[in-house]
Each structure stands twice: as structure tokens, then as C-alpha cells.
Amino acid sequence: MGSLGASPPSVEANQYGVTKPISMAAPTEVDFLRTCELKKFLLEAGLYESDGEALKREEVLVRLTQIVKDWVKQLTRLRGYTDQMVENSNALILTFGSCRLGVHGPGADIDALCIGPSYVNREEDFFYILHDILAEIEEVTELQPVPEAHVPVMKFKFDGISIDLLYASISLLVVPDDLDISNVSVLYNVDEATVRSLNGCRVADQILKLVPNVEHFRTTLRCLKFWAKRRGVYSNVTGFLGGVNLAILVARVCQLYPNAIPSMLVSRFFRVYTQWRWPNPVMLCKIEEDELGFSVWDPRKNHWDRTHHMPIITPAYPCMNSSYNVSTSTLWVMAEQFQYGNKICQEVELNKVHWSSLFEPYMFFERYKNYLQVDIVAADADDLRAWKGWVESRFRQLTLMIERDTSGKLLCHPYPHEYVDSSKRCPHCAFFMGLQRNPEEAVQEVKQFDIRATIDEFKQSIHMYSYWKPGMEIFVRHVHRRRIPYYVFPDGYKRSQLSRPSSEQPQENTVYEEGESDNVRSPDGCLKRKNGSEVEDLRQPKKRQSLSPQRRASLSPDLISGYSGSPCHSASASVVSRAISPEANGGQNMENENADVGDTSSPSVVVTTLTKDTNLREDVGVESVAGSNENPGSSEGSNSIGSSQSDSCEADSASLRAIVHLNSNGELGHQLEDTLEPNAGIGVALKPMGSTIQKPTTRRPSCSNGLTERSGNRKL
């Protein structure tokens with residue numbers, strides 16, 4: 001680390017990326033102290049693997065390399081090549097992702113790429129012959145080929161270490177040991193799946209070349225990956241940030257502050273992306289086209305590129321948007337978390353809180369009133385692993401379908417964590433999605449969203465799985481916050497009930513809140529509610545007085561979902577739809593319990609009732625600082641850190657506002673600025689999936705930087 005007073009050699013005023021730096025200021029004594037505290041926190045949090053773990057990882061890679069070399073030699077002999085050719089035949093194993101970037105932690109999986117000669121193909125040789133070879137190795141477990149993935153992959157565990165293995169067949173008869181993966185010649189005469197496989201390594205190498213200080217970049221990225229996981233926004237497949245997305249975002253901040261050290265870079269990360277005007281893209285270098293003819297990200301030519309909400313462009317040819325999975329809903333969630341991180345960093349710089357506050361876990365199950373619970377069931381553990389991977393990859397589609405069918409008025413927050421109920425015997429897991437009315441939409445007195453057809457469409461798409469087996473089932477139902485199952489909480493009980501023993505189930509109180517779904521039918525056909533061990537008759541409508549104090553009006557969708565039986569569930573819930581209208585009476589809420597039985601023919605029914613309330617969520621604990629009412633990418637709000645550092649917030653903010661005038665230094669950004677004027681907002685000109693998106697008023701977008709002043713309200 002060095003002494004606090006020792007300043008690292010400053011980077012000269014070179015331009016990194018497509019614009020000039022925002023600040024060249026060097027760190028102060030206080031910055032060095034904060035960086036020491038941050039590194040100490042990361043070390044104590046267990047984010048660095050031990051020497052023993054690193055050695056085991058290397059041994060596994062050496063063993064895997066020998067396996068694929070023998071596999072290629074075997075195929076070379078079978079294809080009738082000469083003995084000399086068999087002797088020279090070769091295959092390589094290269095890592096990518098966090099391993100190649102140098103930010104992997106203990107227990108992290110290995111992202112690996114196998115590069116083979118032109119006569120060894122992926123479809124048969126990799127997914128069948130190599131698969132069978134691996135299946136016979138004792139140390140290999142949980143072997144799962146996924147040939148239909150966007151990037152075909154074979155997943156397995158080798159001696160307990162998870163490995164995602166890709167394959168690329170390049171146009172060479174012999175693969176040299178010193179192959180230069182960064183040379184564009186490796187892309188000659190290969191298909192797009194191979195290009196995507198090769199680009200994992202190529203992108204990682206380019207990122208490391210384009211940052212001013214690799215060690216500062218790695219420490220900052222390690223810190224922000226931990227933050228993203230703790231805050232529930234680390235999952236590319238679900239529509240949040242993945243490892244590559246986050247690496248590019250961090251690298252861009254390193255380019256904008258080339259002399260900054262990790263504590264400064266973490267703070268600047270949140271400051272920059274709180275003010276970033278999405279869908280302006282984040283780029284580390286200009287986008288170049290090559291004679292090979294592969295499609296690159298270019299909204300001037302590709303209409304689908306204009307629908308992207310949060311473009312984060314890879315720096316290696318062919319440049320692609322690494323965050324195409326991001327939706328309106330997930331961008332809204334990430335914008336809130338950027339606001340949260342920015343506020344905490346302000347308080348750290350004012351010495352009000354410690355770094356640990358930045359990594360407070362996200363209280364997802366206290367954040368919303370209504371959730372969708374997706375239960376996944378299979379006949380055995382192997383089937384569940386494959387079935388779960390398929391369903392999880394389709395969650396993004398469910399989010400887009402709900403946004404489409406509600407015209408963007410209902411947002412979904414898919415939580416990228418799975419839960420298992422230990423009391424269930426069959427192989428299963430559950431995922432949850434929070435439901436939120438779009439805060440930018442005008443409040444209506446009563447608005448019903450019937451998304452039964454949406455859920456049915458989603459389930460039909462799930463059951464199109466090519467490798468479906470009997471026993472693979474999926475169930476979608478609504479769960480009110482009061483009915484969240486206890487197994488999702490770390491200690492087996494909700495935080496609001498800490499005084500009760502974890503083994504004691506809480507009894508139903510006298511309040512019948514909106515969104516209750518644990519209703520059953522009695523033998524005589526009457527709707528009843530379970531109440532502990534008793535069943536209460538609901539034939540006579542009643543009004544019960546809420547015991548909770550009067551709260552300010554909040555948006556209250558009431559979601560009820562029919563839930564068909566499964567091997568893991570002994571009873572199925574009937575479907576009830578009711579409109580809840582809060583009434584103020586003596587400072588307390590009254591709730592209407594007149595229940596009408598909905599359509600029970602569909603195994604998955606969801607009806608949403610939006611009332612006059614203005615905000616669905618209740619701000620809980622530290623979550624209230626997230627700034628949920630801000631537009632994503634908004635540059636408004638408090639940006640003043642109040643720090644005495646030489647590159648003050650005021651100077652930074654001025655640079656952020658002025659940086660759009662530097663686009664003439666970024667060649668592509670300058671060209672696109674004029675070319676795209678008819679479509680003024682990249683990714684906003686077209687309305688994806690029926691969502692309501694309003695075009696920015698007058699400000700031109702820049703493909704080199706999105707940090708501009710706000711001009712008019714933009715709806716995402």
C-alpha cells in the first residue's frame with residue numbers, strides 16, 4: 001500500500017477513451033487513508049482467495065487442459081491424419097471473465113474457453129464426444145451441456161470447482177501455444193457463436209489495456225462487484241449488471257479520473273452513473289468496423305440497437321452491447337441503487353458512516369407490498385438444475401411481457417436469488433419478483449391490470465423447453481408481503497417478528513390486508529381463509545379496522561393468483577379478485593373485503609388492482625435513501641459531496657456538464673451526434689414491447705458520453 005504521504009506517479013494528461021478526462025487531480029492524504037480502510041474492509045469481507053484455493057484452481061486448469069489436448073489428438077487420429085499431424089495437434093484452455101481480469105474471489109467459478117482446430121466442431125465433437133469423456137471422469141460432477149444458449153456452454157464441476165466451458169473452432173489446422181487471441185485474424189471464417197465465445201477473452205484483454213492503472217481498476221471492480229451482489233443488481237441473465245458490464249462501467253470511470261485511487265473511483269462511479277443520461281452508450285474506445293463484415297453496435301443502421309435501454313459497449317471487434325438484457329424495470333432498479341450508493345459515498349467522505357454502510361444487504365422482502373413467486377419443481381436434482389437454468393433465463397421475458405401488456409405502467413423487480421424450502425421433499429426452488437407501479441405514470445383513481453394472459457403466455461413459452469422431462473413444472477402465484485414464506489429470511493423468521501421463536505408460526509391478526517392469497521374452498525364451495533389451525537368463513541362480507549396507523553396514500557396493487565397443485569404443495573389456492581379502496585376513518589384505514597371469486601380454470605391467474613395510492617413501496621430502513629422518484633439517469637438531486645478534496649464535486653459536476661462539448665475529440669461520438677439527430681435519443685426512438693417511452697425534447701445524444709444536463713423529462 002505504501003505510506004499515506006507517498007503519491008503514486010501521476011498519469012500524464014493523455015486521453016483515455018473517447019473523451020478527455022473529467023479531472024486529473026491527484027489523491028490527497030485523506031484519499032489514501034480511505035483507500036486503506038476500503039482495502040481492509042474488502043480483505044475482512046473474504047473477497048480474496050487463499051493461496052491454497054489459488055493453487056487448486058491452477059491444478060484444475062492444468063488437468064482440464066490435458067484432457068482437451070488428448071481429446072483433440074484422439075479426434076485427429078480418428079479423422080485419418082498423419083502421425084506427425086497427430087503429434088502436432090493441439091488445443092488451448094484460456095480463462096475469461098473475473099479470472100482473466102484478476103478479480104475472482106474464493107469459490108468463484110471458472111469461465112474457460114477451449115480453442116481447437118478447424119476440423120473439431122462444436123455440435124458433435126464438443127457436446128457429445130468431449131461430454132462423454134468428461135462424464136467418465138470421477139472428479140467431474142453436475143455435467144450439463146447447454147448447446148442452445150446464446151453462447152453455447154458446457155457447465156460442470158471439476159473437483160468441486162464450477163466451470164463454464166465454451167468452445168471455439170478457429171480456421172487453423174494446428175493451434176499454436178502462443179496464439180494471439182487479440183489479433184482479429186482469429187475471427188476469420190468462423191460463425192457468430194464462435195465470435196461470441198472468443199470475445200470473452202478478447203474483451204477482457206482490451207479492458208485491461210484501456211485503463212490507466214490496472215491495480216486500481218481491479219480493486220475498484222472487486223469492491224463494486226461485492227456491492228452489486230449485496231444490493232441485488234448483479235445478474236446479467238435477469239436484466240441487471242454482469243461481470244463484463246460492471247467491468248466496462250468501472251473502466252470508463254478510471255478513464256475519466258486517470259489519477260484517482262480506489263476510494264475516489266468508487267465515489268466517482270456512483271456520481272457519474274447517477275447523472276448518466278441513458279440510453280447514451282458507455283464506450284471505452286471508438287467503434288471500428290472491419291472487413292470481416294460482422295455486425296457491430298450501430299443504431300444508425302440497426303433498428304434493434306435503438307431499443308436498448310442501457311448500452312454498455314464491448315471494446316473488442318465486433319463491438320456489441322453487453323447489456324441488451326436490461327429492461328425498463330431493471331434500469332429503474334439500478335438507477336435507484338446508483339442513487340443509494342452515491343448518497344452513502346457522500347456520507348463516507350463527510351466521515352458520517354463507514355464503508356460497511358455501502359454494502360448493507362438489500363431488504364427486498366420489505367421493499368414492496370406485492371410479489372410474484374415462481375416455484376420450479378423437477379423429478380430429481382439433475383433435472384432441476386437444467387430446468388431451473390432454462391426458467392431463470394426466461395425471467396427477462398416475463399418482465400418484458402408485463403411491461404408490454406400494461407403499457408409500461410407496472411414495473412417488475414426480478415430478484416436474482418433462489419430460495420429453497422427445506423421442509424419440502426421434492427427437488428425445487430423459488431424465485432421472487434417485486435411489483436411496482438411506474439412512478440412516472442400519472443396516478444389514477446382505480447386501475448386494474450389483468451395479466452392472466454401474460455402469465456399464461458410466459459408459462460407456455462417455458463414449456464417449449466427442448467429438453468423437458470416429466471416432473472418439470474412451474475407455478476406462478478401472488479404473495480403479499482405479509483405472506484412471504486419464512487424460508488426466504490436468513491434466520492427463518494421476519495425481522496419484524498424477532499421476539500418470537502423461529503419455530504413458532506405467527507397467527508393471523510385481525511387485519512385482512514390487501515393482496516391476501518391464502519384462501520381455500522370448503523367442501524360446500526364457500527370461500528374461506530386459513531387462520532392458524534382454524535378456517536374462517538368469508539361468506540358474509542365484513543369490514544375490519546386496520547391496526548396500523550394512517551399512512552400517506554400509497555399505490556396498492558392487489559395481486560391474486562391461482563396456484564395449481566404440485567408435488568411440493570398439498571393444496572392449491574383459489575382465485576380472488578377484489579378492489580381495495582382505502583377509507584380514512586378516525587385516522588385509520590378501512591378495507592373492503594367483498595370478495596368475488598375469479599376464474600379458476602387457469603392454473604395461473606394474476607389480477608392487479610391499482611388504487612389511488614401514489615407509492616407502492618414503504619421505505620424501510622436505509623432503503624429510503626435510494627431516491628426512487630428520480631428518473632433513471634437523472635442529473636438532478638444532491639451531487640455535492642462536501643469534501644475538501646482537490647477535485648471538488650463542483651468542479652466534477654461542471655466537467656460532467658461540459659463533457660458533451662468534447663465529443664469532437666471522440667471521432668465516432670461526433671459523427672453519431674449529427675447522424676442520429678432525427679432519432680434524438682438512442683434507444684428511445686422506438687417503443688420496445690409496447691412500453692410508454694417519451695422522446696427527449698431538444699438535447700442531442702452523444703455516443704461517446706451520456707453526461708449532459710437534463711432537458712425535459714424523459715420516461716423510460
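## Ground rules

This is a predicted model, in which local features need pLDDT of at least 70 and side-chain atom pairs count only at pLDDT 80 or more, while totals for chains, interfaces and linings use all residues. Residues are numbered from 1 along each chain as its sequence is written, and side-chain values use heavy atoms, with hydrogens and water left out.

## The chain as a whole

The chain holds 15 helices and 19 strands. Both are DSSP runs numbered from the N terminus, helices being H or I with at least four residues and strands being E with at least two. Of the 716 residues, 56% count as buried. Here buried means under 20% relative accessible area, exposed means over 50%, and partly exposed is in between (1.4 Å probe, protein chains only).

The accessible surface comes to about 29,700 Å², and 49% of that belongs to carbon and sulfur atoms. These areas come from the Shrake-Rupley method with a 1.4 Å probe; for residues, only the protein chains shown count as cover. As for contacts (heavy atoms within 4.5 Å), take those between residues at least 6 apart in sequence: 73% of them join residues at least 24 apart.

## Strand 3 and its residues

Back to Q144, which counts as buried at 14% relative accessibility. Leaving aside residues up to four places away in sequence, Q144 touches V153, M154, K155, R385 and A386.

E142 also lies in strand 3, which covers residues 140-146. E142 is partly exposed, with a relative accessible area of 33%. The phi of E142 is positive, about 50°, although E142 is not a glycine.

## Backbone details to look for

Most residues other than glycine have a negative phi, and most peptide bonds are trans. N189 is not a glycine, yet has a positive phi of about 55°. N189 is found in the loop between strand 5 (161-169) and helix 6 (192-209), and is exposed, with a relative accessible area of 78%.

A cis peptide bond joins W278 and P279, with omega about 15°. P279 lies in the loop between helix 9 (262-275) and helix 10 (328-349). P318 is placed in the loop between helix 9 and helix 10 as well, and the peptide bond from Y317 to P318 is cis, with omega near -10°.

## Two helix pairs

Helix 2 (residues 51-78) and helix 5 (residues 122-135) have axes that come within 11 Å and cross at roughly 120°. Axes are lines fitted to C-alpha atoms, for helices over the stretch in contact, and angles run from 0 to 180 degrees between N-to-C directions. Helix 2 and helix 5 are therefore oblique to each other; angles under 35 degrees count as roughly parallel, over 145 as roughly antiparallel, 65 to 115 as roughly perpendicular and the rest as oblique. On the helix 2 side, L64, I67, V68, W71, Q74 and L75 meet D125, F126, I129, L130, I133 and L134 in helix 5. By class, the residues of this contact divide into 10 nonpolar, 1 polar and 1 charged. Ala, Val, Leu, Ile, Met, Phe, Trp, Tyr, Cys and Pro count as nonpolar, Asp, Glu, Lys and Arg as charged, and the others, Gly among them, as polar.

Helix 1 (residues 29-44) and helix 7 (residues 214-230) pack at an angle of about 55°, with their axes 11 Å apart. In this pair, L38, K39, F41 and L42 of helix 1 meet T219, C223 and F226 of helix 7. That contact has 5 nonpolar, 1 polar and 1 charged residues. Helix 7 also contains A228, which counts as buried at 0% relative accessibility. A228 touches V233, Y234 and L246, not counting residues up to four places away in sequence.

## A covered helix

Helix 12 (residues 395-405) is mostly covered, with 8 of its 11 residues buried. Among them are F395, R396, L398 and T399. The buried residues of helix 12 pack against elements including helix 10, strand 6 (370-377) and helix 13 (452-462). Just after helix 12, S407 takes a positive phi of about 55°.
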